[in-house]
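User: Let's go through this model element by element. Keep the answers brisk.

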Amino acid sequence: MSSFSTSPGTRDILTPDAARWRKFQDVFAGVVEEAGYGLIIPPMFEDLGVFLRLGEATDVVTKEMYDFEDKGGRRIALRPEQTASVCRAFVQHRPTTPWKVWYAGPNFRYEKPQQGRYRQFDQVGLEVLGVEDPYLDAEVIALASQFYDRLGLKEVQLSINSLGDAGDRQRFTDVLRSYFESHVGELSEDSQVTLTKNPLRVLDSKRREDQKIIANAPRIRDYLSPTAGEHFAAVLAALDAMNIKYVIDDRLVRGLDYYRRTTFEFVSTALTAAHTAIGGGGRYDGLVEELGGPATAGIGFALGLDRTLLACDAEQVFPAPNTDVFAFVVDTTGGQEASLVCNQLRMARIGADRAFDNRSMKAQMKAADRSGAQVAIIIGSNELDAGQVVIRPMNSGEQYSVNREDLVSAIQNEVSKIRSAN
Ligand code: HAM
């Protein structure tokens, strides 16, 4: 018989990691829903054309797309990110603006798997359509930073840049093209290919041989139109006013082609591996139009869940949540009493679990320990005959008996004791 394991770049997320995963999404939902963002759940696959808008010269499109023809002959792709899907949904449903949405879920990129880089990876993110105001750029960045705060992360650095409007971007791209063409022999082979498609993306090269030429390249800030320059200055001023620290990075072009004006990235300085970018985003005024909609401003970000949790590990913050099982029932009289007790506790909204198969007292106590429950409820034949149960708080070891009919209130009392101790 053959046996199978997960494909490269994919993982099973088991408990307790999975519980931490869900808590991560809950914390994000809390931050953004308090700020007026509503959940959107786009499909995990779409017409390939939706994602071609990410840029014909980006690795995400040319090398990493999971695309295939479905049985109906449609060209389909698993989503590599969700911004394009959100814009497609905007064009399809025409909601009133400002449209503020958030999302959470998996994305797919055929990358070389390594720590912090997976073929299926999760993001949480948000997008706002229909607002040009620089205060929105600052709001969006502030929300990401509040989320990091709630996780307990301290070592997160924000880099920010402006790529200007479409016209600025084009002018700068032409200048960059001539500059890189005059040094083409010194560039890596990959960058020479990128140069023919999109000179801006050469700035994103991490290859050693390209670094000197990149360092001396022209800077986008010298090519911003007055309006794009003012927008960027207003964003920085709004961040200053909120006391949000940032570093202006002229070379930050990001890996997707739809960005205009403000772009930003969050890097964990606690991570030492190659993949320290834990989130990123920016404006993409123009993407909605490219997807067949009216001219609409757009901005958002996505934070990599997998990598952010690695950053949490590195900073030793945001541990897995405790189990919701408060009481573990140990019943050596056959098991029926455990069923009744569990049922009663669960109906009173107290988490309860039990052992099965009428195992020995010792084996059931071990299971109680492993469960992470706060109290064990022990029922032996003496207790059964006396109409009582024994309650043993797991970390004090001092047990006591109560009458069976007083069990729920006694356990509620234990819940309050533990709450007030925390
Ligand atoms: P991105 O920079 O491609 O942007 O991805 C955002 C984050 O997702 C990255 O910073 C990283 O933490 C995580 N990530 C990306 N690829 C992988 C991978 N293969 N394995 C693990 N984590 C990964 C976007 O996706 C844009 N849609 C962000 C955006 C939203 N821009 C505007 N709105």
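User: Which strands do the buried residues of helix 13 pack against?
Analyst: This is a predicted model. Helix 13 covers residues 361-371, and its buried residues are Ala363, Gln364, Met365, Ala367, Ala368 and Ser371. Buried here means under 20% relative accessible area. Those residues pack against strand 12 (327-331), strand 14 (375-379) and strand 15 (388-393).

User: How is helix 5 oriented to helix 9: roughly parallel, roughly perpendicular or oblique?
Analyst: Helix 5 is residues 134-151 and helix 9 is residues 226-241. Their axes come within 8 Å and cross at roughly 45 degrees. Angles under 35 degrees would count as roughly parallel, and 65 to 115 as roughly perpendicular. Therefore helix 5 is oblique to helix 9.

User: What is the handedness of that crossing, left-handed or right-handed?
Analyst: The axes of the two helices cross at roughly 45 degrees. Helix 5 passes helix 9 in a crossing that is right-handed.

User: How many nonpolar residues are in the contact of helix 5 with helix 9?
Analyst: Helix 5 brings Pro134, Tyr135, Asp137, Ala138 and Ile141. Helix 9 meets them with His231, Ala234, Val235, Ala238 and Leu239. By class, the contact has 1 charged and 1 polar residue, and the nonpolar count is 8.

User: Which residue of strand 11 is the bridge partner of Gly280?
Analyst: Strand 10 (residues 277-283) has 6 of its 7 residues buried. It pairs in the antiparallel sense with strand 9 (residues 260-268) over 6 bridges, where Glu265 stands opposite Gly280. Strand 10 also pairs with strand 11 (residues 298-304), again in the antiparallel sense, over 5 bridges. There the bridge partner of Gly280 is Ala302.

User: Which strands stand at the edges of the open sheet of 3 strands?
Analyst: The order is 2-4-3, and the pairing is antiparallel. Each edge strand has a single partner strand, so one side of each is left without a neighbour in the sheet. The edge strands are strand 2 (45-47) and strand 3 (67-69).

User: Which residue of strand 4 is the bridge partner of Phe68?
Analyst: Strand 3 and strand 4 (residues 75-78) run antiparallel, joined by 3 bridges. In strand 4, the partner of Phe68 is Ile76.

Definitions and conventions: Residues are numbered from 1 along each chain as its sequence is written. This is a predicted model: local features need pLDDT of at least 70, side-chain atom pairs count only at pLDDT 80 or more; totals for chains, interfaces and linings use all residues. Side-chain values use heavy atoms; hydrogens and water are left out. Axes are lines fitted to C-alpha atoms, for helices over the stretch in contact, and angles run from 0 to 180 degrees between N-to-C directions. Helices (H or I, at least four residues) and strands (E, at least two) are DSSP runs, numbered from the N terminus. Angles under 35 degrees count as roughly parallel, over 145 as roughly antiparallel, 65 to 115 as roughly perpendicular and the rest as oblique. A crossing is left-handed if the near helix is turned anticlockwise from the far one by less than a right angle, and right-handed if clockwise. Contact means heavy atoms within 4.5 Å. Ala, Val, Leu, Ile, Met, Phe, Trp, Tyr, Cys and Pro count as nonpolar, Asp, Glu, Lys and Arg as charged, and the others, Gly among them, as polar. Buried means under 20% relative accessible area, exposed over 50%, partly exposed in between (1.4 Å probe, protein chains only). Two strands pair if DSSP finds at least two bridges between them.
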